[in-house]
Amino acid sequence: MSRRAALALAGAGLASLAMPRVARAAAPFQQPPLPYEDGALAPTISARTVGLHYGKHHKGYYDKLNTLVQGKPYADMTLEEVVVASRKAGDAAVFNNAAQAWNHDLYWAEFKGGPNPPTGAFADAVKAGFGDLAGLKKAMTDAGDGVFGTGWVWLVRSGDKLEVVGLKDAINPLPDGKTVLAGIDVWEHAYYLDWENRRTAHVKAVLDDRMNWAFVSERWG
């Protein structure tokens, strides 16, 4: 067994968790390229916000993570494995930066090619759980309202059902073994330049005008 495989199977039960693979990275961890031009999400998310959010905040998490994992077993793990292992180990500094790097990888990817409607089994799950897409969007918007301060709204698959959860700061559902389908950033850096204090309006606009639900449907599978 290779050193990488041994590390992946050791401690924290990583092999038993069904984790989505947004991007596989070897140390040093590499920030994925933005999948569109900075202005592609305007007016919902302006080019200025994208430039700062992706170019400063997201990049900063990767830079800090690479500094923190030097000489540690984390350096030989995938980014997803670092998120899970550091959370279980209580290594807050590594977790916060690894989680925010992963969170933002998904965040930018889910807007590419959108907006498109849900398809296939995911569309069926939306209907079963929320009545229709409008019901799902309302549940996610309400969850955003419930996050006090900074955090994320997550759409996850639990068996054949959908769950919407709002979590604080960098926390995501990966350490709980959940299949993460989509995430909405409700930190102020995600919206304040464009929407000021109207966070709820921003979340609604992102879900209505920018989320590629066909991408989310593919993650269901």
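Begin with helix 2 and helix 4: helix 2 passes helix 4 in a left-handed crossing, a term for a near helix turned anticlockwise from the far one by less than a right angle. This is a predicted model, in which local features need pLDDT of at least 70, side-chain atom pairs count only at pLDDT 80 or more, and totals for chains, interfaces and linings use all residues. Residues are numbered from 1 along each chain as its sequence is written, and side-chain values use heavy atoms, with hydrogens and water left out.

Select residues 47–68 for helix 2 and residues 92–109 for helix 4; their axes come within 9 Å and cross at roughly 140 degrees. Axes are lines fitted to C-alpha atoms over the stretch in contact, with angles from 0 to 180 degrees between N-to-C directions. Helices are DSSP runs (H or I, at least four residues), and strands likewise (E, at least two), numbered from the N terminus.

Next, select Y107 and W152. The two form an edge-to-face aromatic pair, 5.8 Å centre to centre with 90 degrees between the planes. Rings of Phe, Tyr and Trp (its six-membered ring) pair if their centres lie within 6.5 Å; planes under 30 degrees apart count as stacked, over 60 as edge-to-face and the rest as tilted. Y107 lies in helix 4 and W152 in strand 1 (residues 151–158), so the pair ties together parts 45 residues apart in sequence. Y107 counts as buried at 1% relative accessibility, and W152 at 0%; buried means under 20% relative accessible area, exposed over 50%, partly exposed in between (1.4 Å probe, protein chains only).

Finally, show the cluster that ring pairs form from Y54, W102, Y107, W108, F111, W152 and W154.
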